[in-house]
Amino acid sequence: MLEWIMRYQRLLRNGLILVVVALVAWMLIALPPTVIQSGIRFSTVFILGSLAALLASRAGVLNLAIEGKMLLGAFIGVVVLYRPDLPPDAVGVNPLWGVLAAALAGGFLGFVFAVLYLQIRVNLIILALALNLFVANATVFFMRTAFGVFGTLADPSITGLPTIEIAFIKDIPVLGTLFSGYNIITYLSWVAVAVISFILYYTKFGRHIRAVGENKEAAESVGINVTRVQIFAMTLSGMLAGVAGAFLSLGVLSQFLENMSAGRGWIALTVAIFAMNRPVPALLTSLFFGMSESIGLFVERQEAINLPSNLVQMFPQIATLGALVLVAMRIRWSEILRRRTFVRDFSAQLDDLKQKVISKPAAGD
Amino acid sequence: MRFKTLLPLVLLLSLLFSVVAQAQDDESEYVDECAAVDTMETEDTTEEMEAPDNSDFTFYIILPNARGDRSFIDSAAAGAERAIAELGVEGVIVETAGVQEHDAAIRRAVQEEPDLVITIGIDAAIIEEIVDEFPDQLFAAQETFFPATPDYDNLALFNILTHENSYLAGVAAGMLSRTGKVGAVGGLDSPGINLFIYGYEEGVMSVCPECEVVTSYVGGSNPYSDPIRGKEIALGMFDEGADIIYQVAGRSGEGVLEAASETENLAIGVDSNQDDLFPGTVLVSAMKRVDNAVFSFIETTLNEEFVPGETRVGMPEGFAGLSWDLGICSRTFDEYGPEDQVEMLPEVRMAIAEAREAIAAGDVVVTNALEISE
């Protein structure tokens, strides 16, 4: 098996990539545009959430509080727009203010998280879980005390983000569904991938983040202010998670519901781990997660296919498991291959050396 | 003071109005009972009396999740609040955060030794264990479906069957669909949810045999509190040609309603009266009067008429119905709905009234998903 893999390594890899590309192309053509758009909407939360997670991980902080920050962002975004006494024909606050407020709220929570962890040295995992629980219940509490509503904060004055149709592109068959007809946060999430990649790999601040994440002590010894870098990274991470939350409450819906993030922060965390904390793979993984969710829903409502719903709903999880196994196998095999190559090359060199050592006295004779 | 002077006037007006309404209806054959009843109800509310003092009677009500679904749970809580206000009893509403807290919440309530512990939609195994353990405590379990009816002297079971009113909602959907394709979005593929969906399907088919009904379930890790998935499912269905969706998915259903409002299609609400959440979008709500059930439970126990055993009620007993029915008389859709569909409403209501009679007479038997599973 291994020899076989070794021999056809390049062919295998290229073949796999070709299969994936073909599959994606087929999906883009065969699936109805709404399914693809729905998948991209699902993935937006994962993109922003996973960027938040990987930014924190890169700075050496395991950020388990993404779920809480997302929920806070979703809540604050709606609260800013909530004007129950507004006359029915008046225009409410621009939802962009809600997004901005959500980003600030998430950033603030990220900052508090960083300060509590770095300065007061609260246990990281307990702190994160406490924060998640706190936000989940505080939002409910404030809805009751401040607005007198149970569980749902909805009002005609809260308007969702408008979808943006891009001229020219929207009329092209496949590109139109791919790139046109989303709200600002989806576009923002794509830009964020580029910006975070740029920050991480091409700026001094990014290099400092990676250095701190790789080895805190080493970074400190060369004069990097570790605490400051981590606080910045956590604040930025919180802002991204806050915007992800605003996408749920203002992008998809236009209301806040109790615990509406429904575990998406945790999935985003998995996405970041899956993508090994790199922004572009995180984008691809998020798209994969989002698409598998929307395709699952699509398949379920097809009368012709008629699979039991419980089976279909396993699809994203099975796909994830399969992909995880593939990635793990790939890592393992490449490790084995490297070892084998090393042993082969080394033994060849050794043989060579032996030959020389043995043949030398023979030559002297 | 002002009410008393107004009362005769109101009564007179109502009489006039109902006579006029009756006269009109004779021509169109359809009698809108609500037009007459509305005015009669003003009579009742003006004569509201002081709540009697029953503060020595206490009850605990355990909700399966936090309030705020604007549906099932809120309805139960509203019933408890009405009992506190009207019967003058002492009551504590306990909200739990999910199945992990149910057992502890009930035990905590039992510790206080109230006269009655009401549980709403809590798993049968949890209830059975506690009921068995505390034989001196009266329990009332609502919306808990036991595999076999347990035999305890201190447990009353009360279940509302909603297949028949879902059938009526299906009749409305089948008649008003423009595309001939309607949808249903459930929380989970379980008998409790299919009770609604099968009834609805049969209702649609009864008036529109060539119609297609697409069913989908929210599923995922939070089937009843994931409005994002709910909305995406509904958007997909609407895109594929459905134009009316019945939502049976708790808080996830909010997403369905919003998708309908956004795409200018229709939705059918569930459990509570959801007609006013998106005026003109929510056609009608298939109501489950959990509030009345809670109220009647407290009332009967207060009057020392507690009867153990299982009671299954539904449309004939008035615990399930439509938001158009007597008692609610929601006419929001008449006011805000699309014109061509509003014009059809009298016809639809006629058909619903006929279907209701047929069900009552036993001519139409609606499938009960719970009995299939048993």
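Visitor: Into which domains is chain A divided?
Guide: The model is a predicted one, in which local features need pLDDT of at least 70 and side-chain atom pairs count only at pLDDT 80 or more, while totals for chains, interfaces and linings use all residues. Residues are numbered from 1 along each chain as its sequence is written, and chains are lettered from A and ligands numbered from 1 in the order in which they are written. Domain bounds come from an automatic or database domain assignment, and for chain A they give domain 1 (1-30) and domain 2 (34-313).

Visitor: How many helices and strands does chain A have?
Guide: Helices (H or I, at least four residues) and strands (E, at least two) are DSSP runs, numbered from the N terminus. On that basis chain B has 13 helices and 12 strands, and chain A has 15 helices and four strands.

Visitor: What percentage of the residues of chain B count as buried?
Guide: A residue is buried if 20 or more other C-beta atoms lie within 10 Å of its own, exposed if 12 or fewer, and partly exposed in between, with C-beta atoms placed from the backbone. In chain A, buried residues make up 42% of the 365 residues. For chain B, with its 374 residues, the buried share is 51%.

Visitor: Why is helix 3 of chain A described as roughly antiparallel to helix 11 of chain A?
Guide: Axes are lines fitted to C-alpha atoms, for helices over the stretch in contact, and angles run from 0 to 180 degrees between N-to-C directions. Angles under 35 degrees count as roughly parallel, over 145 as roughly antiparallel, 65 to 115 as roughly perpendicular and the rest as oblique. The axes of helix 3 and helix 11 of chain A lie 7 Å apart, at an angle of about 170°, which means that the pair is roughly antiparallel.

Visitor: How do the residues of the contact of helix 3 of chain A with helix 11 of chain A divide by class?
Guide: Among the residues making this contact are A:Arg41, A:Leu48 and A:Leu55 of helix 3 of chain A, and A:Met234, A:Leu240 and A:Phe247 of helix 11 of chain A. Ala, Val, Leu, Ile, Met, Phe, Trp, Tyr, Cys and Pro count as nonpolar, Asp, Glu, Lys and Arg as charged, and the others, Gly among them, as polar. The division is 16 nonpolar, three polar and one charged.

Visitor: Which residues of helix 8 of chain A make the contact with helix 11 of chain A?
Guide: Helix 8 (residues 184-202) of chain A packs with helix 11 of chain A at an angle of about 160°, their axes being 10 Å apart, and the two are therefore roughly antiparallel to each other. From helix 11 of chain A, the contact uses A:Leu240, A:Val243, A:Ala246, A:Phe247 and A:Gly251, and from helix 8 of chain A it uses A:Ile185, A:Leu188 and A:Ala192.

Visitor: Which residues does A:Phe298 touch, not counting residues up to four places away in sequence?
Guide: A:Phe298 is found in helix 13 of chain A, and A:Phe298 counts as buried because 24 other C-beta atoms lie within 10 Å. With residues up to four places away in sequence not counted, A:Phe298 touches A:Val35 and B:Gly236.

Key:
Two residues are in contact if their C-beta atoms, placed from the backbone, lie within 7 Å.
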